[in-house]
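Subject: Structure handover

Hello,

Here is the structure you asked for. Please open it alongside this note, which goes through what was found.

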Amino acid sequence: MRVHACGLLTVLLSFQVTRPASAQEVDPHIQAALAAVSPERLAATIETLTSFGTRHLMSSQEDGARGIGAAAQWIHDEFTRASPRLQVGFDDYQIPAQGERVTREVRVRNVMAVLPGRSARRLYVSGHYDSLARAPAPAATGGFDWTAGDNPAPGANDDGSGTALVMEAARVLAQSGLEFDATLVFIAFAGEEQGLIGAHLHAQRALADKTRIDAVFNSDIIGNVEGGNGVVDAESLRVFSEGPEDSPSRQVARYIQRQGQLYLPSHRVRLIARHDRFGRGGDHTAFNQRGYAGVRFSEANEHYGRQHVVQDTPDGVDAAYLARNTRINVAAVAALALAPAAPAVTTPRGAPTLDRQPSGYDARLRWVAVDGAVAYRVVWREAWTPDWQVERRVGTVTELVLPDVLIDDHVFGVAAIGPRGHESLVSAYVNPPRAPVEITVK
Ligand SMILES: [Zn+2]
């Protein structure tokens, strides 16, 4: 018998709107990596980063104790000391003077540690290690000088906190003994404060080399718990992701929240449906602009008065809070790196493999089998809702029919599950955009 559509289906859906119990199980190896995240080490890393006086792009690259050059070398050496499994190097560029903030030719040096996986597809954990503190200047220049490379710029929270997170994530994952499917890239970018320069240089080269990057996690301003307005929140963090609602970046954001609920349920991942804070950007933006999925992690409440000033000192970072934010990063990127790749849900020409067959009112989902997948998780939701409402786990099939679920009213997706239960990102069946039709006028 055919279920009579709208009424009963609406009832069924409304019963299932709460999040389904997660079929995922906690992986004790990932839990061990989370336990290894050390607040003391994070705090010590930030102390050392601030001890270079400034990490401004235009500061000294030769001085062994002060400036961005010394900081880059120290980060490089810390990566090297963390584990022989990490392939550590500089990602170097020479750029001419440009824009308002790059006042002379300068070397831009990102610091990179690669943990090779079975597959070449990459997952990035990033932050920026450069710093900036504005100096007073004549009103004609806007009242502040952003180019004074030698001024003190401790950058403890912006973005010493994100840099420490990246270094700690590299250490615990490289030392975990886990063998990952994806290749993990831990990277500290330079020149963020001059316009995401290091990230743009890296992303444009990756695109030219056709490097596959499945996700970029960018942590920037991630360790302070007290906003400038006095609001204190040490129990949540924000994850910003660009739209539209089923973009690859949104799938990364949903994935992070799901892993957060599994591994650290007391720490709330708040998803913000926006590519970054209002009117602002970060290094993930350089990747988003080139079609890569990427999200920004930031603390719950910023203290704007302690950004880009000499007061951005280590006492403004809460190491226990930064450790929790680091664990969210580590849990999500480890689970994702252990999982198989996400299934393709389009034809080679990009059309979604979703139709109304066999009845004309059903949802038939098809996907391409993924190497290493032992099962798939199919998810769907009403189209005017932010997160998946219903899920169904299936075996090694590549097609599922949901009778009488209208594809017009719902969004569907599918994730691949590996032999030890790790899940890929969800590939969503996206309604293709339509180009405007030009009508000829006589
Ligand atoms: Zn920053």
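Two strands count as paired if DSSP finds at least two bridges between them. Helices (H or I, at least four residues) and strands (E, at least two) are DSSP runs, numbered from the N terminus.

Two points on reading this. Residues are numbered from 1 along each chain as its sequence is written. The model is predicted: local features need pLDDT of at least 70, side-chain atom pairs count only at pLDDT 80 or more, and totals for chains, interfaces and linings use all residues.

**Domains**

The protein chain splits into domain 1 (5-23 + 343-428) and domain 2 (37-338). These bounds come from an automatic or database domain assignment. The centres of domain 1 and domain 2, taken over C-alpha atoms, are 34 Å apart. Across the boundary, 11 residues of domain 1 are in contact with 12 residues of domain 2. Contact here requires C-beta atoms, placed from the backbone, to lie within 7 Å. On the side of domain 1 that touches domain 2 there are five nonpolar, four polar and two charged residues. For these classes, Ala, Val, Leu, Ile, Met, Phe, Trp, Tyr, Cys and Pro are nonpolar, Asp, Glu, Lys and Arg are charged, and the others, Gly among them, are polar.

**Sheets**

Strand β12 (residues 363-366) pairs with β15 over four bridges, in the antiparallel sense. Arg366 sits opposite Glu399 in β15.

A second open sheet has four strands. Their order is β14-β13-β16-β17, and the pairing is antiparallel. β14 and β17 (427-428) are at the edges with a single partner strand each, so one side of each has no neighbour in the sheet. Strand β13 (residues 375-382) makes eight bridges with strand β16 (residues 410-417), running antiparallel. In that pair, Arg381 faces Val411 in β16. β13 also joins strand β14 (residues 390-394) through five bridges, again antiparallel. There, Trp380 is opposite Val390 in β14, and Arg377 is opposite Arg393 in β14. In a regular strand the side chains alternate between the two faces of the sheet.

**Helices around α9**

Which helices pack against α9?

- The residues in contact are Ser161, Ala164, Leu165, Glu168, Ala169, Val172 and Leu173 of α5 with Leu322, Asn325, Thr326, Asn329, Val330 and Ala334 of α9. By class, this contact has eight nonpolar, four polar and one charged residues.
- α3 contributes Pro39, Leu42 and Ala43, and α9 contributes Ala319, Ala320, Leu322, Ala323 and Thr326. Seven of the residues in this contact are nonpolar, one is polar and none is charged.
- The contact uses Tyr255, Ile256, Gln259, Gly260 and Tyr263 of α7 and Ile328, Ala331, Ala332, Ala335 and Leu336 of α9. It divides into eight nonpolar, two polar and no charged residues.

**Backbone points to check**

The peptide bond from Asp158 to Asp159 is cis, with omega near 0°. Asp159 is in helix α5. Gly243 and Pro244 are also joined by a cis peptide bond, with omega about 0°. Pro244 is in the loop between β8 (236-241) and α7 (248-263). Leu196 is not a glycine, yet has a positive phi of about 55°. Leu196 lies in the loop between β6 (183-189) and α6 (197-208).

Best wishes

Definitions and conventions: Contact = placed C-beta atoms within 7 Å.
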